[in-house]
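Here's a quick tour of some local details worth checking before you set anything up. Have the viewer open and follow along.

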Amino acid sequence: TTVDTTTLDTTGSLQLSATTSGPSPDPDGYIITLDGADRGVVGTDFVITITGLAPGNHTVTIGGVAANCAVQGDSVSTVVVPAGSSATVAFSVTCAEAPPPPPVPSSRPGIPFGFFRMDFTQLSSDWTSLKRVAIPETILHNLEIARSQGGRVFLQLARGHRHYQDRDHSFNLEKFKQMLDQLKGLDLDSYIADGTIAGHLMIDEPSDPSNWGGSPIPYQAVEEAARYSKSLWPNLPTLVRSTPSWLAKAPFRWTYLDGGWAQYAARFGDVHRYRDSELRAASDAGLRVVWGLNVTDGGDGSSKRPGRKRGKYSMSAEELLRYGKPLIEASSTCGFLAWMYEKDYLEDNDVLTALKTLSQAAKNQPSRSCGI
């Protein structure tokens with residue numbers, strides 16, 4: 001009898017498994033990646049077999065692990081798959097008691113409303129929020145100012161791009177973590193607990209290749225940055241300054257990243273279509289949204305007021321209301337940050353009245369944490 005052996009010994013298989021222990025297992029399960037390709041979501045206790053693999057080295061990663069859980073040993077394993085046989089990889093995960101969700105202070109109604117590049121001393125009943133880079137030497141002083149004004153602020157805790165870029169301007173995850181490590185000795189927990197810190201807006205525009213040496217930051221690196229932030233401050237919402245539509249293209253479901261930031265400009269077309277498209281993406285990806293308007297350079301020209309960039313125009317008072325209200329009133333909105341604070345712009349009485357109207361609309365919305 002002749003046996004066809006042409007395919008018997010040309011491929012191998014891999015058996016993957018995981019066991020989870022502890023009081024609060026990950027509710028969403030884990031994400032398995034094989035040789036960089038997403039193999040889908042699995043449960044917290046699973047056994048799967050992958051067949052038809054080429055003989056040789058293969059790299060398996062278990063990801064999407066909740067902040068209160070930790071993989072025992074390495075989350076990445078390299079295994080040799082033999083021809084005509086099977087290899088095994090077993091992960092063990094231990095989960096602690098999950099922390100409670102961050103509280104939403106009842107004394108601070110609505111959603112935070114403010115500007116990029118606004119100073120802490122400018123927080124008020126109208127401008128209840130801001131986005132600033134955090135400086136270790138001054139962060140606690142500034143947070144006390146914010147707390148005294150009832151502010152809810154978004155901080156960039158690792159500071160700006162240059163602090164975590166390599167010479168070619170690519171993103172360096174280890175440098176990013178080292179910047180966060182500089183804040184380990186500071187007690188930020190009370191400001192997180194009472195909502196003074198509304199979110200950690202970790203990275204500016206990770207989707208923009210021009211910021212990062214010609215390539216966007218890989219999605220997995222963004223998720224790892226968020227995971228590391230959560231390891232230091234479990235109750236602090238993590239966000240990046242990128243649209244939900246970009247974030248939703250990640251080849252996995254976000255676990256540690258809580259939200260994105262969508263800034264509207266008139267060139268994007270109908271604001272309702274823009275809003276609804278980004279809301280669908282946020283819902284699909286399980287993310288919150290901080291909305292914004294490019295008030296300085298995002299107008300349609302009707303204001304006749306030149307923007308900061310050549311050929312651009314600031315938004316008129318009518319545009320502020322027409323664009324701002326649909327965004328503020330959208331579901332999943334957990335903040336509103338306009339680009340950017342300019343004293344001269346706010347000296348226009350019509351503009352100031354329109355912005356205060358939007359601020360009141362934000363106060364009338366249900367209070368929402370940016371955490372998921």
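## Ground rules

This is a predicted model, so to speak of local features takes pLDDT of at least 70, and side-chain atom pairs count only at pLDDT 80 or more, while totals for chains, interfaces and linings use all residues. Residues are numbered from 1 along each chain as its sequence is written, and side-chain values use heavy atoms, with hydrogens and water left out.

Start with the peptide bond from Trp-339 to Met-340: it is cis, with omega near -5°. Met-340 sits in the loop between β16 (333-338) and α8 (343-346). Helices here are DSSP runs of H or I with at least four residues, strands are runs of E with at least two, and both are numbered from the N terminus.

Two non-glycine residues have positive phi. Arg-117 has phi near 60° and is found in the loop between β9 (113-116) and β10 (129-133). For Glu-205, phi is about 45°, and its loop runs between β12 (197-204) and α4 (219-232). Glu-205 is partly exposed, with 31% relative accessibility (buried is under 20% relative accessible area, exposed over 50%, partly exposed in between, using a 1.4 Å probe and protein chains only).

## Disulfides

There are 2 disulfides in the structure, a disulfide being a pair of cysteine sulfur atoms within 2.5 Å. Counting bonded cysteines along the chain, the pattern is 1-2, 3-4.

Cys-69 bonds to Cys-95 with an S to S distance of 2.0 Å. Cys-69 is in strand β6 (residues 69-71) and Cys-95 in strand β8 (residues 86-95), so this link ties together parts 26 residues apart in sequence. The link is right-handed, with 110° about the S-S bond, and both Cys-69 and Cys-95 are buried.

The other pair is Cys-334 and Cys-370, also listed at S to S 2.0 Å. Cys-334 lies in strand β16 and Cys-370 in the segment after α9 (349-363), so the bond ties together parts 36 residues apart in sequence. Its S-S torsion is about 100°, so this disulfide is right-handed. Cys-334 is buried at 1% relative accessible area, and Cys-370 is buried at 1%.

What is the nearest side chain of opposite charge to Glu-223? It's Arg-227, 8.3 Å away, and Glu-223 is buried without a salt bridge (a side-chain nitrogen of Lys or Arg within 4 Å of a carboxyl oxygen of Asp or Glu). Lys and Arg count as positive and Asp and Glu as negative, with His and the chain ends not counted.

Glu-223 belongs to helix α4, and its side chain reaches the backbone nitrogen of Leu-257 at 3.3 Å. Leaving out residues up to four places away in sequence, Glu-223 touches Phe-252, Trp-254, Thr-255, Tyr-256 and Leu-257 (contact means heavy atoms within 4.5 Å).

## Salt bridges

The structure holds 16 salt bridges. One of them pairs Asp-194 with Arg-147 at 2.8 Å, N to O. That pair links distant parts of the chain, 47 residues apart: Asp-194 is in the loop between α3 (189-193) and β12, and Arg-147 is in helix α1 (residues 139-148).

Glu-224 pairs with Lys-177, with the closest N and O atoms 2.9 Å apart. Glu-224 is in helix α4 and Lys-177 in helix α2 (residues 173-181), so the pair ties together parts 47 residues apart in sequence. Glu-224 counts as buried at 19% relative accessibility, as does Lys-177 at 12%. Salt bridges with shared partners join Glu-174, Lys-177, Glu-224 and Arg-227 into one network.

Terms used
A polar contact is a pair of N or O atoms within 3.5 Å; within protein, one must be able to donate a hydrogen and the other to accept it, and residues adjacent in sequence count only if both atoms are side-chain atoms.
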